[in-house]
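Subject: Handing over the model

Hi,

Here is the structure I promised to pass on to you. Please have a look at it first, and then read my notes below.

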Amino acid sequence: MSGPNTDYDPVEVTPLKADQVEAMREAALAAIADAADLDALKQVRIDHAGDRSPLALANREIGALPPQARKEAGQRVGQARGAVNQALAARQTVLEAEHEERMLAEETVDVSLPTTRRRRGGRHPLTLQSELIADLFVAMGYEVAEGPVVEAEWLNFDALNLGPDHPARTMQDTFWTEPAEDHVVLRTQTSPVQARTMLTRTPPIYVVCPGRVFRTDEYDATHSPMFHQVEGLVVDEGITMAHLKGTLDHFASQLFGDGITTRFRPSYFPFTEPSAEVDVRCFVCRGVDSASCRTCRGEGWIEWGGCGVVNPRVLVACGVDPEVYSGFAFGMGIDRSFMFRHDLEDLRPLFEGDVRFSSAFGTEI
Amino acid sequence: MKAPLSWILDLVDVPDGTTTEEITDRLTLTGLKLEAIVSPGRDITGPLVIGRVLTKEPEPQKNGKTINWCTVDVGDANGTGEPQGIVCGAHNFEPGDLVVTVLPGGVLPGGFEIGARKTYGHLSAGMICSARELGLGDDHDGIIVLPPDAGEPGQDVRPVLGLDEETIEFEVNPDRAYALSLRGIAREVLVSVEGASGFRDPALRDTPAANDEGHPVVVEDAEGCPVFVARRVDGFDPAAPTPDFMVRRITAAGMRPISLAVDVTNYVMLETGRPIHGYDADKLQGAIVVRRAREREKLTTLDGTARILDPGDLVVTDDSGIIGLGGVMGGETTEISDSTTSILVEAAHWDAVSMFRTGRRHRITSEAGKRNERGVDPTICEAAADRVVELLVEHGGGTAHPGVTVVGSPPEMPVVAVAGDLAARVSGMPITEEQSVECLRAVGCEVTGSGTLSVTPPPWRPDLTDAQDFSEEVVRLVGYDKVPSVLPTPPSGRGLTRPQQLRRWVGRTLAGEGYVEVVSFPFVGEADLDALGLAADDPRRDLLRLSNPLSAEAGFMTSTLLPGLLRAAGKNVGHGTTDVAIFETGTVTLPRHAGPAPILPVDRRPTEAELEALDAALPAQPLHLALVGTGDAVSGGWWGEARPFSWADAVEAVRAVAAALGLEVSASAVELAPWHPGRCAELSVDGEVVGHAGEVHPKVCQAFGLPKRTVAAEVDLDLLIARAVHLRTAPTFSSFPVAKEDVALVVDASVPAADVEAALREGAGELLESIRLFDVYTGDQVGEGKKSLAYALRFRAPDRTLKEGEAAAARDAAVALAAQRTGAVQRA
C-alpha cells in the first residue's frame with residue numbers, strides 16, 4: 001500500500017490507470033461468465049470481488065492519489081466493482097435456477113408406485129344403511145328410538161295385540177329364553193320399541209326405530225336368524241292412512257330415487273288396522289317393460305314391508321287415548337332393502353365378517 | 001290357498017272377456033294376494049291335437065325293440081288334411097283310437113321341441129304323447145288313449161285334458177280364513193271384480209230337518225263344540241273311483257286324492273271352508289260324546305302317531321274310548337278304509353282358540369286344523385254335511401240314511417257400534433257414510449242406524465270384532481290405491497341424541513384407523529368360551545340360554561363379542577386375507593337372574609311399577625365394542641418393512657376411540673383371558689374399568705385358527721359414551737418460549753411406566769407442559785432386572801419467559817418424586 005500523497009505530486013498509481021481497471025473488470029466479467037456452477041462462482045466471487053481481489057486492492061490505492069485525481073479514479077473503480085457485483089448476482093440467479101432444476105430433476109420418483117402403506121378401514125353396509133334411513137327421517141323431524149334386543153314377551157307380543165293364542169304368533173318364529181316362565185324373548189320385530197316409546201312419551205310422537213331382530217329361520221341365501229328392521233311410528237291428532245302413504249312415498253323417493261312411489265295392498269298385522277303390505281316401485285325398470293327386469297323379477301314392484309293404522313287396542317295398552325290420537329306404523333327390512341338396492345342376491349356375506357365385503361362400501365353409502 | 005279358476009267360476013260370474021290377470025289384479029288389491037297362476041299345460045306350446053290312428057304297422061328292430069309305424073288323421077291341423085306319419089314306441093292302442101298328437105313346431109314340457117325327423121327308416125312328423133310327456137303325471141306305461149267321444153281329429157286337445165285349466169294360488173292372511181274356501185274366494189271375486197254377479201253360495205242349500213233317527217251325539221262341552229252335525233251314508237261302494245273333475249280340482253288345490261270317501265270330504269272342505277270328518281260307521285260303538293280330554297289320556301291319530309292328550313284338548317269319543325282329536329285329526333280305530341261301506345259324516349264347529357292350542361301342543365298342521373283355528377262359518381255345518389252326503393250318494397252308489405243329528409246352535413254374531421265417518425277418519429279419504437254402509441253390506445254385514453252404525457258381521461267373518469276392523473273392510477273395497485299421499489307435519493325434532501351421534505363417531509374413528517366393521521350373530525356355546533380360555537368362575541360364563549336355538553353348539557346369547565370376532569378373523573385368514581383388522585359394536589347379554597317378566601293386562605296402560613318390573617326382569621345388555629388385529633398392522637413394501645400387529649395397536653385403537661369421545665384412557669397390567677397373561681392392559685377412564693386390550697393368548701389364537709401375536713380389545717361402549725366430554729373447554733396457548741429437559745431414569749423392570757410418568761408429572765408441577773416417553777432401554781448398561789425410561793419434558797409458563805434454572809429445578813423436583821415413588825435413579 002502507498003503512503004499518503006502529501007506533497008501533491010501527481011503520483012503514478014499503476015493499478016488505477018484506466019486501462020488497468022478496465023482489464024480487471026474484463027477479467028472479472030469473463031470469470032463470472034465462465035463459472036459453471038455455484039461452487040465455481042463462489043471462487044470467482046472471492047477472486048474478483050473479495051477483499052483481496054484486484055479491484056478491491058485498486059480501490060485502496062485511491063487514497064494515494066492527489067485529491068483532484070481521487071474523484072475520477074474512485075468513479076472508475078466504483079463502476080467497475082458495481083458491474084462485477086451485478087454480474088455476480090445475475091450469474092448467481094442463473095446458476096441457482098439451474099441448480100434447483102437439476103436437483104428437482106434428480107429427485108424425480110416413480111409416482112406410479114403403489115401407495116398402500118395404510119390399510120383402509122370401512123363400516124358395515126347395514127350400519128351405513130341404517131344411518132342413512134335414520135337421517136332421512138331425522139331430516140323430517142323424527143327422532144330415533146331404541147330398545148333392548150332381549151325383550152319382555154309382553155312388549156314383543158301382548159302389548160301389540162298379539163295375545164297368547166293369536167294365530168299370528170306362529171307367523172313369527174320366536175327365540176325363547178330359559179326359563180320359559182320368565183317370559184323373555186329375542187325380539188322378533190322392532191315393534192316393542194314402538195310400545196316403549198308410547199309408554200314413555202306423550203304425543204305427538206314421530207319416531208323411527210332401526211335395530212336387530214331375531215327369528216328362528218335357518219340360515220340360507222334369503223333367511224337369517226338375525227336381521228335388521230326399521231320401523232316408524234307416528235301418533236298425533238288426526239293421523240290417517242293418507243299420512244302413512246305420503247310418508248312412505250317420501251321415504252321411497254329418498255332411498256330409491258326421485259319419483260319412486262309406493263303401492264298399498266290390504267294385509268293383516270295384529271298391531272295395525274287397517275293394515276297394508278307396501279310395495280315400492282321398481283327403481284330399475286320403474287314399471288316400464290318390467291318383464292326382463294332382474295330387480296323386480298318382472299313385477300314392476302318390489303315387496304318392501306308392512307304398515308297400517310295403529311290398532312286402537314295397541315294405543316290403549318300403551319296408555320294413549322284412542323279417542324284423541326291416532327297413528328300409523330310401518331316396518332321394513334334393512335337387509336332386504338339393502339339387498340335390492342345394491343343388487344345382492346345372497347344375504348350371507350352380510351354376516352360372514354369377510355373384510356372384502358364391508359371394505360367395498362367404505363364409510364358412507 | 002290354491003283355487004282352480006273353473007271352480008271359482010262355477011260359483012260366480014264375471015263379465016265375458018275378463019282375463020285371469022284382471023281377476024287376480026283386483027283380488028290382490030282387495031287383499032287376496034296373487035302368488036302364482038299355474039296350469040298343467042303352461043309349458044306346452046304349438047299344435048297339440050286329437051288324432052285318430054288310421055294304421056299301425058309293427059316293425060321289429062335290430063335292437064330287439066318293436067316300433068309302430070302309424071298314420072294318424074289329424075284333420076286339417078297339419079295344413080294338408082293328409083294323414084300324418086308318426087313312429088310310436090308304445091303299443092297300448094289300436095287303429096281307430098283317439099290319441100294325443102303333437103305336431104312339428106310344438107314344444108312339450110322341459111323345452112322338448114318336436115320336429116319332423118328321420119328315425120327307424122321313416123320320416124316321423126310328430127309324436128303320440130303319454131301323460132308323462134305332457135307333464136300330467138308319471139304314467140309312462142303307454143300313450144294316452146282318449147275316450148271315443150273326446151272330439152274330432154284335429155281339434156285342440158288341451159280342453160279335453162284340462163291342460164288349460166288355470167289354478168290361482170293366493171296368499172291368505174290369518175284374518176281372512178273364509179278365503180281358505182272356494183266359497184270365500186268367489187265372494188271376494190263378487191265384491192272385487194267389476195261387473196261380477198250371480199254368486200251361487202255352495203253352503204246355501206235346503207237341508208233335511210234334524211230328527212231323532214240319526215247317530216246319537218252328546219256334546220259335554222258346548223263352548224268347545226257349539227255345533228255338531230252327524231249324517232250317515234250306507235251301502236257305499238268303497239271301490240268307486242273318484243270322478244276326474246274332483247281328482248283334478250283336489251290335486252290342483254294342493255291335496256292328494258286318496259279315495260272317494262276321503263276325497264269328497266276334502267272337496268267339500270275346499271268348497272265351503274268347513275272341515276268334515278268321516279268315520280267308518282261300522283266301527284263306531286255307541287253314542288258319540290264330545291268332551292275335553294282327561295289327564296294322560298292317549299290317542300293314536302290318523303298319521304300313526306300315538307299322542308298323550310292334555311285336558312285342554314277337545315276329543316270325540318264313543319264307547320270304545322277316544323276316537324278323534326276334535327277338529328284337528330281323527331283317530332286310527334274308526335278310520336275309513338278300502339272296505340268301508342257305511343260312513344258317518346261329522347260337520348262340527350269347534351272353538352278356534354282350543355283348535356290353535358291343540359294344534360300347537362301336538363305340533364299338528366292339517367288342512368282341517370288350519371281352517372278350524374282361524375275360524376270357520378259356524379252356520380254351515382248342516383249344509384256341508386248334506387253336500388258330502390249328496391256327493392257320496394251320487395258317486396259312491398250309497399243311500400242317505402234318513403237320520404239327521406244336529407246338536408247345539410251357532411253362536412250369535414256380536415253387534416258392533418261403528419262411527420259412520422270412521423272409514424273417512426282412518427283413511428284420509430272422503431268416504432261418506434252411505435259408501436261405508438254399501439261396502440259393509442257388500443262383504444255380508446248387516447248394518448242399521450246412522451251416525452253410529454250398528455254392524456253385525458257375517459258368520460264367516462269372526463275376525464271382525466272391533467270398529468276399526470270394519471273400517472279396513474270399507475277402505476279396501478274403496479281401494480287402497482285411492483288413498484292420497486299426504487305428508488304429516490311433525491313438530492321440530494331434536495335430531496340424533498348425543499349417544500347416537502357418538503356411536504357413529506366411534507365407527508368412523510375405527511374405520512379411519514384401518515379397522516373394518518363386521519356383524520356377527522350373538523349366539524355362543526360353552527365350547528366358544530372354553531376356546532377363549534375363560535376360567536370356570538369367569539362372570540362371562542353366566543349366559544342367557546335360548547330354549548330353541550338353531551344349533552346346540554350355539555345355545556346361548558353371548559356375553560362377549562370376542563368369540564364372533566375371533567372366528568371372523570380366523571375365517572378371513574382362512575380365505576387368504578392374512579392381514580386383518582376388524583371391529584364390531586353390538587350388545588352383549590349379561591343375565592341378572594331377576595325373575596320372570598310379568599304378562600301385564602292390555603286393556604289399560606301398565607303402572608310405572610309394572611313397567612319397572614318388566615325392565616328389571618331383562619338381562620343387562622350393554623353395548624360393547626371389540627376389535628381384532630392379526631398379521632401386519634402396517635404393510636411392507638418399497639417404502640420399508642412391514643410392522644406386525646402388537647399389543648400396543650389394540651390399546652392404541654381404544655385410545656383413538658376414547659379420544660374421539662374426549663376421554664383419556666389409562667392402562668395397567670392385568671391377567672385376564674383370552675389375553676396373554678403378560679400382555680393384557682386393563683383400560684380405565686377416571687378410575688373406572690371400561691375394558692381390556694392386548695395380545696391374545698397363543699392357545700386362544702390356535703383355537704380360532706389365528707397366528708400368534710393376534711391382538712384384541714373389548715370395551716363397554718356404553719360406559720365410554722356415558723363419560724364422553726360434552727362441552728370441551730377451548731384451550732389457550734402460551735406464546736412464551738419453551739424450555740426442554742430430557743431425563744433418563746432407571747427403575748426395576750416391574751415398575752409400570754405409567755407410574756413413573758405419573759410421578760414425574762406430579763413432581764414437575766404446573767410449569768410442565770408435556771411429557772413424552774421417547775425410549776425404553778434394557779441391557780447391560782442398566783443391569784439385570786432394570787430398565788431405563790427416557791423422557792422428554794417441556795416446560796413453559798403461560799405468562800412469562802422462564803428464568804435461568806427454573807426448568808432445571810422443576811425437572812429435578814420431578815426426578816426426586818419419581819425416585820421416591822418408584823425407586824427411579826437418574827442415569828448420568
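A definition to begin with: the expected span of a helix is 1.5 Å times one less than its number of residues. Helices (H or I, at least four residues) and strands (E, at least two) are DSSP runs, numbered from the N terminus. This is a predicted model, in which local features need pLDDT of at least 70 and side-chain atom pairs count only at pLDDT 80 or more, while totals for chains, interfaces and linings use all residues. Residues are numbered from 1 along each chain as its sequence is written, chains are lettered from A and ligands numbered from 1 in the order in which they are written, and side-chain values use heavy atoms, with hydrogens and water left out.

Helix H21 (residues 806-822) of chain B has 17 residues, and its first and last C-alpha atoms are 24 Å apart, close to the 24 Å expected at 1.5 Å a residue. Buried here means under 20% relative accessible area, exposed means over 50%, and partly exposed lies in between (1.4 Å probe, protein chains only). Among the buried residues of H21(B) are B:Ala807, B:Ala810, B:Arg811, B:Ala814 and B:Ala818. An α-helix has 3.6 residues a turn, so residues three or four places apart point the same way. The buried residues of H21(B) pack against strand S41 (739-748), helix H20 (753-764), strand S43 (786-795) and strand S44 (825-826) of chain B. Just after H21(B) comes B:Gly823, with a positive phi of about 75 degrees.

In chain A, helix H10 (residues 334-341) is largely enclosed by the rest of the structure, because six of its eight residues are buried. Those are A:Ile334, A:Asp335, A:Ser337, A:Phe338, A:Met339 and A:Phe340. A:Asp343 follows H10(A) and has a positive phi, near 60 degrees.

Where the chains meet

The contact (heavy atoms within 4.5 Å) takes 105 residues from chain A and 106 residues from chain B. Buried area is the accessible area (1.4 Å probe) that two parts lose on being put together, summed over both. Between chain A and chain B about 8,600 Å² is buried, with carbon and sulfur atoms giving 59% of that. A:Arg119, A:Trp154 and A:Pro266 supply 9% of the area that chain A buries against chain B, more than any other three residues.

Ten salt bridges (a side-chain nitrogen of Lys or Arg within 4 Å of a carboxyl oxygen of Asp or Glu) are found across the interface of chain A and chain B. A:Arg196 and B:Asp615 meet through their side chains in a salt bridge (2.8 Å, N to O). On the side of chain A that touches chain B, helix H8 (residues 241-256) gives the most, with eight residues.

Two loop residues in chain B

B:Asp313 sits in the loop between strand S19 (306-308) and strand S20 (314-318), and it counts as buried because its relative accessibility is 0%. Beyond its neighbours within four places in sequence, B:Asp313 is in contact with residues including B:Arg291, B:Arg292 and B:Leu325.

B:Thr578 lies in the loop between helix H15 (562-574) and strand S33 (580-587). With a relative accessible area of 47%, B:Thr578 is partly exposed. Leaving aside neighbours within four places in sequence, B:Thr578 is in contact with B:Val573, B:Thr630 and B:Gly631.

Best wishes
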